[in-house]
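These are my notebook entries on one protein chain. I record below what I looked up, one topic to an entry.

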Amino acid sequence: MKEFDFVKPGTFSAVVENNLKLNYREYYFKQKTLKSYPVKIYVEPTQRCNLNCITCSPKRRRYQSDMPINLFDRIKESLFPYAAEVNFFLNGEPTLADNLSYMVKSSAQYTFLPKIFTNGTNISDAMGKLLVNAGCFVNISFDGASADVFERVRGGARFEDVVNNITKLQKIHAAVQNPKFHLRLAVTLGLHNIEEVPKIIEFAFKYNLKDILFGAYDSGGIIPANMLMGDVPRALQNIQQAGALANKYKIRYSFPKKIGTMVIDKNSNWQDFVLPVDQFVPFYLESLNPYNGDCGYPWQHMAIRSNGLVVSCCQRQHVMGDGYKEDFLQIWNNAHYQRLRSQYTYNICLGKVCNMVDYSIFNGGGTRYLQLKWHQRVASYLRKNFIKGLRRIYFKSGIKRKLA
């Protein structure tokens with residue numbers, strides 16, 4: 001793939017395509033003040049949730065009011081014209097938000113890929129038609145292929161209801177035939193449900209689901225006994241069995257890159273076959289996930305919470321500004337963002353550990369608990385500046401490069 005060929009012609013508007021190209025160059029040279037705009041946006045419709053899952057702390061949902069339309073309209077006007085992906089979720093259950101329909105319908109005038117994470121319990125006929133007609137990439141949290149495990153994890157949910165809602169979305173999609181719509185299962189893996197992993201692959205095959213995202217409970221779980229690192233051989237055995245089944249059934253999967261200190265070499269089969277939605281997905285955005293101390297999020301992401309606070313990325317570690325008091329594009333280049341982009345390593349991000357460093361599904365490098373020594377910081381600084389110099393020579397030479 002040659003320079004900037006990661007943008008498929010015709011996928012996005014010319015404005016978005018040019019913004020992606022500029023954004024990549026600015027990330028590549030690690031520029032602090034950007035002329036490009038955020039390419040990946042998170043909009044949090046609400047922090048409310050109707051479940052009490054063992055995978056989630058109630059502290060994540062402290063603000064119980066939905067995002068008002070006037071705030072959303074400001075986000076839309078400032079940021080949407082330049083974005084390749086907009087995620088209508090962060091914390092909470094987005095289908096509970098009173099304004100979600102308005103937000104999703106507004107996507108029609110833009111070329112970005114709209115995404116949503118949902119627990120799948122609140123998919124009415126109207127909601128299903130909304131998501132399919134808008135061409136949403138829908139992730140449904142699905143932590144067990146049997147009712148007892150699923151309902152033990154997803155406190156307050158009924159397994160049968162969620163399965164019925166999955167089939168409801170499939171039927172609507174079959175009638176509408178929107179190629180942009182995509183349905184994916186999203187599973188949080190821990191020792192409490194690790195034996196369910198092969199069964200979830202079998203479930204996906206039975207219900208003609210072609211995509212599953214497996215995350216690690218270790219990255220944010222609140223019950224240490226459920227973490228995969230507590231029994232790595234057991235976790236690997238089930239993951240390997242599930243991977244073999246997924247390859248057999250041609251189901252796309254991605255697992256955490258690491259469990260404890262064990263690196264999983266073949267943690268995804270994304271490159272093995274193509275799905276219809278691929279023509280609309282900006283895969284480039286996933287290529288800059290945290291890896292080996294590097295991270296592209298400070299150049300890519302802006303996340304706006306339902307209370308108007310702007311946070312650095314999907315990990316919500318750092319507050320960058322207040323959307324009620326400041327212009328979003330001014331926040332994008334303020335002192336907080338420039339400080340975020342000035343780090344020599346992202347193993348520790350502005351003094352805080354990052355869940356993505358160890359458990360990034362697509363790259364997964366780093367050492368989450370590594371506090372870098374002074375000589376490691378010096379070596380990292382010298383290496384990055386040496387590479388930066390080579391990159392400048394490289395781009396000025398006009399040589400075409402291939403992206404991994």
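Entry 1, a helix on strands. I began with helix α6, residues 159-176, and found that α6 lies across β4 and β5 (182-189). The helix runs at about 155° to β5. I note here that the model is a predicted one.

I looked up the inventory of elements: the chain holds 13 helices and 14 strands. Of its 404 residues, 58% are buried. I then turned to contacts between residues at least 6 apart in sequence, and 70% of these join residues at least 24 apart.

In what order do the strands of the open sheet stand? I read the order as β7-β6-β5-β4-β3-β2-β1-β10-β11-β12, which makes 10 strands with mixed pairing. The edges are β7 (252-254) and β12 (319-322); each has a single partner strand, so one side of each has no neighbour in the sheet. From one strand to the next, the twist averages 20°.

I then checked β3 (residues 113-118) against β4 (residues 137-141): the two run parallel and are joined by 4 bridges. Opposite F117 I found N139 in β4.

Which residues of α8 are buried? They are V232, A235, L236, N238, I239, A242, G243, L245, A246 and Y249. I recalled that an α-helix has 3.6 residues a turn, so residues three or four places apart point the same way. The cover over the buried residues of α8 includes β5, α7 (197-206), β7, β8 (258-259) and β9 (262-263).

Entry 6, aromatic rings. I counted as pairs those rings whose centres lie within 6.5 Å, and the count comes to 24 aromatic pairs. One of them is F142 with F150, a tilted pair at 5.4 Å centre to centre with 50° between the planes. Both F142 and F150 are buried. I also found a cluster in which ring pairs link F72, F80, F88, Y102, Y110 and F112.

K30 lies over the face of Y27, 4.0 Å from the ring centre. R252 lies over the face of W270, at 5.2 Å from the ring centre.

Methods
Residues are numbered from 1 along each chain as its sequence is written. This is a predicted model: local features need pLDDT of at least 70, side-chain atom pairs count only at pLDDT 80 or more; totals for chains, interfaces and linings use all residues. Side-chain values use heavy atoms; hydrogens and water are left out. Rings of Phe, Tyr and Trp (its six-membered ring) pair if their centres lie within 6.5 Å; planes under 30 degrees apart count as stacked, over 60 as edge-to-face and the rest as tilted. Buried means under 20% relative accessible area, exposed over 50%, partly exposed in between (1.4 Å probe, protein chains only). A charge sits over a ring if NZ of Lys or CZ of Arg is within 6 Å of the ring centre and within 35 degrees of the ring normal. Two strands pair if DSSP finds at least two bridges between them. Axes are lines fitted to C-alpha atoms, for helices over the stretch in contact, and angles run from 0 to 180 degrees between N-to-C directions. Contact means heavy atoms within 4.5 Å.
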